[in-house]
Amino acid sequence: KGAERALAARRAAELEARIAEILDTLAEVHFRRGEIAEATAAGERALALDPNSSYFKEQLARFRGARPDAARR
């Protein structure tokens, strides 16, 4: 089920790469799968689209501060 969610989030991000919320969802999926570099990259793209969002700033800080195994616990 996690792989299906990841695929759906990735596909949505490809179709709507200019919507910060979709990129944030993709980032969260990557994070929960332990894919910290991918989560960080997607979070950076979301923040670039909405640089005033305190939520996206907090999310990015969370991703950047995570250990590679932190999300899988």
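Analyst: **Packing of the helices**

Read from the N terminus, the order of the elements is α-α-α-α. This is a predicted model, in which local features need pLDDT of at least 70 and side-chain atom pairs count only at pLDDT 80 or more, while totals for chains, interfaces and linings use all residues. Residues are numbered from 1 along each chain as its sequence is written, and side-chain values use heavy atoms, without hydrogens or water.

Of the 73 residues in the protein, 38% are buried (under 20% relative accessible area with a 1.4 Å probe and protein chains only; exposed is over 50%, partly exposed in between). Contact means heavy atoms within 4.5 Å. Among contacts between residues at least 6 apart in sequence, 51% join residues at least 24 apart.

Two packed helices are described by the angle between their axes and the distance between the axes. Start with helix α2 (residues 20-32) and helix α3 (residues 36-49): their axes come within 8 Å and cross at roughly 165 degrees. Such axes are lines fitted to C-alpha atoms, for helices over the stretch in contact, and the angles run from 0 to 180 degrees between N-to-C directions. α2 and α3 are therefore roughly antiparallel (over 145 degrees; under 35 is roughly parallel, 65 to 115 roughly perpendicular, the rest oblique). Their crossing is left-handed, the near helix being turned anticlockwise from the far one by less than a right angle (clockwise would be right-handed). On the α2 side, the residues in this contact include Leu-23, Leu-26, Ala-27 and Phe-31, and on the α3 side they include Ile-36, Ala-39, Ala-42 and Leu-49. By class, the contact of α2 with α3 has ten nonpolar, two polar and three charged residues (Ala, Val, Leu, Ile, Met, Phe, Trp, Tyr, Cys and Pro are nonpolar, Asp, Glu, Lys and Arg charged, the others, Gly among them, polar).

Leaving aside neighbours within four places in sequence, Leu-26 is in contact with Ala-9, Arg-10, Ala-13 and Ala-42.

Next come α3 and α4, whose axes come within 9 Å and cross at roughly 160 degrees. These two helices are therefore roughly antiparallel as well, and α3 passes α4 in a left-handed crossing. Among the residues that meet here are Ile-36, Gly-43 and Leu-47 in α3 and Phe-56, Leu-60 and Phe-63 in α4. The contact of α3 with α4 holds seven nonpolar, two polar and three charged residues.

That leaves α2 and α4, which pack at an angle of about 20 degrees with their axes 11 Å apart. α2 and α4 are therefore roughly parallel, and their crossing is left-handed. Ala-27 and Phe-31 of α2 are among the residues making the contact, as are Tyr-55 and Phe-63 of α4. Here the classes are six nonpolar, one polar and four charged.

In one of them, the ring centres of Phe-31 and Phe-63 are 5.2 Å apart and the planes stand at 40 degrees, so the pair is tilted (under 30 degrees is stacked, over 60 edge-to-face, the rest tilted). Since Phe-31 lies in helix α2 and Phe-63 in helix α4 (residues 54-65), the pair ties together parts that are 32 residues apart in sequence. Both Phe-31 and Phe-63 are buried.

Note on methods
Helices (H or I, at least four residues) and strands (E, at least two) are DSSP runs, numbered from the N terminus. Rings of Phe, Tyr and Trp (its six-membered ring) pair if their centres lie within 6.5 Å; planes under 30 degrees apart count as stacked, over 60 as edge-to-face and the rest as tilted.
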